[in-house]
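Hello,

Here is the structure I said I would pass on to you.

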Amino acid sequence: MIIINYLYIGIDDTDSPDGMCTTYLACDIIRRLKEKNIDIVGYPRLIRLNPFARFKTRGNGGVSFKIINDEKVDLAKEIVLDEVSKLSMFDCDNTNPGVIFYDGEITKEMEDYAFKAIYSFITIEEAEKFGKSVGCEIHKFKKGRGIIGSIAAISLPLNDYTYELLAYRAPENYGTKRQIDYVSVMEMDKETFPDTFENVDYSEGYIAIEPKTPCPVLYGIRSNNVESLNKAKDIVEVSEPIEDYCIFLTNQHTDMHIQKTDNISQMEQFGCYEITVTVKDNPHVIDGGHMFFKVFDETGEIECGAYEPTKNFRKIVSHLRAGDVIKLYGGIGEQNTFNIEKFQVIELNDVEYRNPVCECGKRMTSAGKGKGFKCKKCGNRIKSSQKVKFKIERSLNNGKFYETPVSARRHLSKPICRM
Ligand code: ATP
């Protein structure tokens, strides 16, 4: 049996809010490797990590790919380090690139490390110690924070995965308005959804494939398979040059950041969870348009938030009422509130207790504590103080999922169309 030995390459933290994108850098490196007849094996990977990580630029993504470990690896390493040195946004304080080379098997402890990078926080020192202990070759630029994500990007197993096709702009156009024909994007969505998804937010009139930052990405299309990406690419029309395309295998839209729990008291700040709870009070809006309500289980209670950027989702949330049982998906953020990404209705509380209706048709009022009810119209009285059970109409449906709009969705959140 021939055992193929790979060199894994992980790269992270090369960009800043003013420019660059680690995926672009990877695409550039892959092109340069190809010029030297070094092909990568499979697709490059774009791995999203803890959405609450403090120093993220945008979506906390690290990149990795692998090549065959042969006599060309030294040349490959040189090309990778050269390009990271040339293209990273070193002027930004928060840009601290890290590159990892690793030529062994991906072990269980490396996989565990990767999940830790999604679920919680890792320090640069911890990453360095761990990387050395498993035999990674570590390259830190400036503080080298990128090694945290680079090791995770190499190590994460992908049981569920999606793809993203990224189109990159010609450098002379960086920072200018992107020349994308929006009608063609909607046409592409119509032709390829739900194989592709997150293309357009119709509720907010928002073209989601177009970034809003001055980065090299012209557009990014997300999908369950490569065939539909190629189809989508042919439909989207642009009137500016495309320097290159690259398809990444990703953990985007897999809910990989979500941990299942059945215990509110075990949930921690900056963790993301799936949990079944009961609504305690009816949702209310505060200044700024954020919507809040409390939920509980037998171990405790927590405040949930549907924040202003979730737009119309707040309207859906406003239909929840005390006593509803729901399955929540989301994370506990800065303010210690549970930020809802989506929820499934398990059982609606469609029961309301009201005063009885009098024979004359008028709703009765209380006749005083423990004294039953009286009718103000005809004077009729009932001795029992027992209210009457009514079934009420609800605009939510049992079993149904409700989610934030595309414009407010996290990279890792699994959209309903993938559930
Ligand atoms: P983009 O999405 O545009 O590539 P980004 O949002 O991924 O940018 P980075 O520039 O990569 O942001 O910065 C994120 C930093 O956070 C990296 O240095 C990465 O190593 C680090 N990081 C990732 N996960 C964790 C974690 N769990 N704990 C601590 N640091 C982390």
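This is a predicted model: local features need pLDDT of at least 70, side-chain atom pairs count only at pLDDT 80 or more; totals for chains, interfaces and linings use all residues.

Domains. I looked at how domain 1 and domain 2 meet. On the domain 1 side, 17 residues are in contact with 20 residues of domain 2. Between them the two domains bury about 1,400 Å², and 66% of that is on carbon and sulfur atoms. Within domain 1, the residues that lose the most area to domain 2 are Tyr24, Tyr43 and Leu46, which together account for 39% of what that side buries.

Salt bridges. Side chains of opposite charge can pair when their charged atoms come close. The count for the model comes to 28 salt bridges. One of them joins Glu126 to Lys116, with the closest N and O atoms 2.5 Å apart. Glu126 sits in helix H4 (residues 124-134) and Lys116 in helix H3 (residues 108-119), so to find the pair you can look at those two helices, ten residues apart in the chain. Between domain 1 and domain 2 the count is two salt bridges. Arg31 and Glu243 also form a salt bridge, and there the closest N and O atoms are 3.9 Å apart.

The second largest pocket. Rolling a probe the size of a water molecule over the atoms shows where empty space is left. The second largest pocket has a volume of about 320 Å³. Its lining has 20 residues, and the closest to the centre are Val200, Glu403, Pro405, Val406 and Arg409. Eleven of the lining residues are nonpolar, four are polar and five are charged. Strand S8 (200-201) and helix H8 (313-317) each supply at least two residues of the lining.

Backbone. Two places deserve a look. Phe193 and Pro194 are joined by a cis peptide bond, with omega about 5 degrees. Pro194 is in the loop between helix H6 (182-192) and strand S7 (196-197). The other place is Asp13, a residue other than glycine with a positive phi, near 65 degrees. Asp13 is in the loop that runs between strand S1 (6-12) and helix H1 (22-35).

Regards

Technical notes. Residues are numbered from 1 along each chain as its sequence is written. Side-chain values use heavy atoms; hydrogens and water are left out. On a 1 Å grid over the protein atoms alone, a cavity is a set of points where a 1.4 Å probe fits but cannot get out, and a pocket is an open set with protein on both sides within 12 Å along at least five of seven lines; lining residues have an atom within 4 Å of a point. Grid points are joined across faces, edges and corners, and a volume is the space filled by probe spheres set on the points. Helices (H or I, at least four residues) and strands (E, at least two) are DSSP runs, numbered from the N terminus. Ala, Val, Leu, Ile, Met, Phe, Trp, Tyr, Cys and Pro count as nonpolar, Asp, Glu, Lys and Arg as charged, and the others, Gly among them, as polar. Contact means heavy atoms within 4.5 Å. Buried area is the accessible area (1.4 Å probe) that two parts lose on being put together, summed over both. A salt bridge is a side-chain nitrogen of Lys or Arg within 4 Å of a carboxyl oxygen of Asp or Glu.
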